[in-house]
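User: I'm new to this one and would like to learn how to read it. Could you walk me through it feature by feature?

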Amino acid sequence: MPYQLPFPKDAQEEIVIPDAMAEDERIWVPQAENVSFRPLCLNRSQGYWMNLLRVRKSGVLSRHRHPQPVHGFVLKGRWHYLEHDWEAREGSYVFEPPGETHTLVVPEDVPEMITYFQVNGVMLYVDPWGKTMGYEDVFTKIDMCRKHYEAVGLGADYVDRFIR
Ligand SMILES: [Fe+2]
């Protein structure tokens with residue numbers, strides 16, 4: 001028997017995305033050469049984002065520091081960090097504790113890598129000695145989506161469905 005009472009009136013709406021591994025190329029937001037992401041939940045009220053990170057050919061995600069934890073699940077392909085000796089493969093789950101600084105590399109023989117990541121707070125792009133060169137947070141992700149969706153004709157407000 002289903003729950004019989006109304007949900008709290010202030011509760012937010014759920015997000016349901018049937019085509020999370022989007023076939024429509026316009027959904028994927030470019031973020032660096034050979035690297036793009038597909039937003040799933042851009043949680044501005046709690047300061048985190050869930051997305052699929054996609055790397056084609058031999059892509060590199062610039063060195064960055066995580067002051068807060070990251071959870072990842074590899075859906076396709078494989079990758080590793082320059083800073084660790086393990087490899088994340090299709091089906092792997094990874095917990096990255098606060099304090100991690102790493103550089104994500106997809107090997108040349110992997111045509112496409114897709115990983116589901118939950119990133120909390122901020123990622124700080126750093127030089128090899130930890131000096132901050134830039135950052136990303138849920139707001140820069142939202143901005144990137146708005147600009148891209150506007151440019152590809154989906155409209156800047158296309159991103160709204162992913163924001164909570
Ligand atoms: Fe990271």
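Analyst: Let's start with burial. A residue is called buried under 20% relative accessible area, exposed over 50%, and partly exposed in between, using a 1.4 Å probe and protein chains only. H102 has 0% relative accessibility, so H102 counts as buried. Before we go on, this is a predicted model, where local features need pLDDT of at least 70, side-chain atom pairs count only at pLDDT 80 or more, and totals for chains, interfaces and linings use all residues. Residues are numbered from 1 along each chain as its sequence is written, and side-chain values use heavy atoms, with hydrogens and water left out.

User: Where does H102 sit, and what does H102 touch beyond its sequence neighbours?

Analyst: Strands here are DSSP runs of E with at least two residues, helices are runs of H or I with at least four, and both are numbered from the N terminus. H102 belongs to strand β9, residues 100-105. For touching, the idea is contact: heavy atoms within 4.5 Å. Setting aside residues up to four places away in sequence, H102 touches S62, R63, H64, H66, Y81, E83 and E96.

User: Which side chain makes a polar contact with that of H102?

Analyst: A polar contact is a pair of N or O atoms within 3.5 Å; within protein, one must be able to donate a hydrogen and the other to accept it, and residues adjacent in sequence count only if both atoms are side-chain atoms. Here the partner is E100, whose side chain meets that of H102 at 2.6 Å.

User: Which residues coordinate the iron ion?

Analyst: To read a metal site, look for donors: N, O and S atoms within 2.8 Å of the metal (3.2 Å for Na, K and Ca). Water is not among the atoms, so sites may look incomplete. In this model, the iron ion is coordinated by the NE2 atoms of H64, H66 and H102, at 2.1 Å. Along the chain, these donors follow the spacing H-x1-H-x35-H.

User: Are H64 and H66 buried or exposed?

Analyst: H64 counts as buried because its relative accessibility is 3%. H66 is at 2%, so H66 counts as buried too.

User: What surrounds H64?

Analyst: H64 is part of strand β4, residues 60-66. Leaving out residues up to four places away in sequence, H64 touches E100, T101, H102, M123, L124, Y125 and V126. The H64 side chain also reaches the backbone oxygen of S62, at 2.6 Å.

User: Is S62 buried, exposed or partly exposed, and which residues does S62 touch?

Analyst: S62 is found in strand β4 as well. With 41% relative accessibility, S62 counts as partly exposed. Not counting residues up to four places away in sequence, its contacts are H102, T103 and Y125. For H64 and Q46, the figures are 18 residues and 21 Å.

User: And what about V119: where does it lie, and what does it contact?

Analyst: V119 lies in strand β10, residues 112-120, and is buried because its relative accessible area is 5%. Leaving aside neighbours within four places in sequence, V119 is in contact with Y48, W49, H66, P69 and V70.

User: What are the spans of the C-alpha trace?

Analyst: Along its principal axes, the C-alpha trace spans about 50 × 35 × 35 Å.
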